[in-house]
Amino acid sequence: MKNTYNETDSAATDGYLSSDSSFYGDADDRARFEARALSFDPEPYWDNHPHLLPVVAAASRAKLEAASSPPPNKPLYNPYEGSICGRQLNETVEEFLKRLPPLTTTVSSEYPWIFIANPHATSRPTDRDQTRFMKVAERMLDAFSKKKNEIEASMAGKPKGSVTRKLTPLRKALESDLLAAAKEKHCTSGKWMLFPYPEDVNRYWAVVAAATVNRELGTAAKVAPDEGKGDRVPRLICVYTKDFSDIEDVKRVLERLIELGLAKKKGVGEERGIYYKADAFTELGINSGNEWGLKASLYASRDLLEDGKK
């Protein structure tokens, strides 16, 4: 077969299409398209781009996928590994619950609590400086106690309400300063507290344990073993989050507890609801009726759900 390709053909096709080709249209077409290109303003497009439905859908899908997947190349985490009172990574939740049922596990030095951790939690309390926090916080409490005594002495014989009004702003400032110090020293963990009766404690704990491992709740949880106080004394279950100041996460865990049937919008069997307490306050001994008059709990479920606090 004769080859008809020659140098003339090569020259004609060099660069695929020449600028004189009709592929680009005639002179008028080219002038019109060049004018459109020069007048095009991309800013309105990019201003609207984040709000386009496909872009929003893609971002939401990526966020869900990231939330449902453990961090890449990060080993499972268990602060209770090697502790007899905690769930081990090589132990299924069912095996753990069978080994340490809270209803019949007796409290002791070996079993002060029964613990379980979220093995996928991103929180690693390696930079938590509890010692320095306690020193700073105790100085704050001592300074408040001294001021409180001075005010009460100077207002002796005056109505109690007058003394309370004088102390209220100081208490609010103290609470704010304590929480700020806890944040600065990375002592930010806190917990929702459930109080099921002994007859329900195994069932509640089984749900909390499974949900914790499945990343449905927070960073960890613990339950009180049997202290021999009888059937009418509730047991404490703590469901931990990593940061008391992360209101969205604190509320998310609360809402999941409600969905799991472990809490009600008005509380577990009571109108006053359930409460969230910062671990910093627990470590300082700030309990109900404390000498400084501080609220022991940081949040109430009633407030977060009904008042929509952010």
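Tyr 276 and Tyr 299 are both buried, where buried means under 20% relative accessible area, exposed over 50% and partly exposed in between, with a 1.4 Å probe and protein chains only. This is a predicted model: local features need pLDDT of at least 70, side-chain atom pairs count only at pLDDT 80 or more, and totals for chains, interfaces and linings use all residues. Residues are numbered from 1 along each chain as its sequence is written, and side-chain values use heavy atoms, with hydrogens and water left out.

Ring pairs join Tyr 276, Tyr 299 and Trp 192 into a cluster. Rings of Phe, Tyr and Trp (its six-membered ring) pair if their centres lie within 6.5 Å; planes under 30 degrees apart count as stacked, over 60 as edge-to-face and the rest as tilted.

How many aromatic pairs does the structure hold? There are four. One of them is Tyr 80 with Phe 115, a stacked pair at 4.7 Å centre to centre and 25° between the planes. Tyr 80 sits in the loop between α4 (53–67) and α5, Phe 115 in strand β1, and the two are 35 residues apart. Helices here are DSSP runs of H or I with at least four residues, strands are runs of E with at least two, and both are numbered from the N terminus. Tyr 80 is buried at a relative accessible area of 17%, and Phe 115 is buried at 16%. For Tyr 276 and Tyr 299, the ring centres are 5.5 Å apart and the planes are at 40°, so that pair is tilted. Tyr 276 is in strand β5 (residues 275–278) and Tyr 299 in strand β6 (residues 299–300), so the pair ties together parts 23 residues apart in sequence.

Last, the helix. Just after α8, Arg 215 has a positive phi of about 65°.
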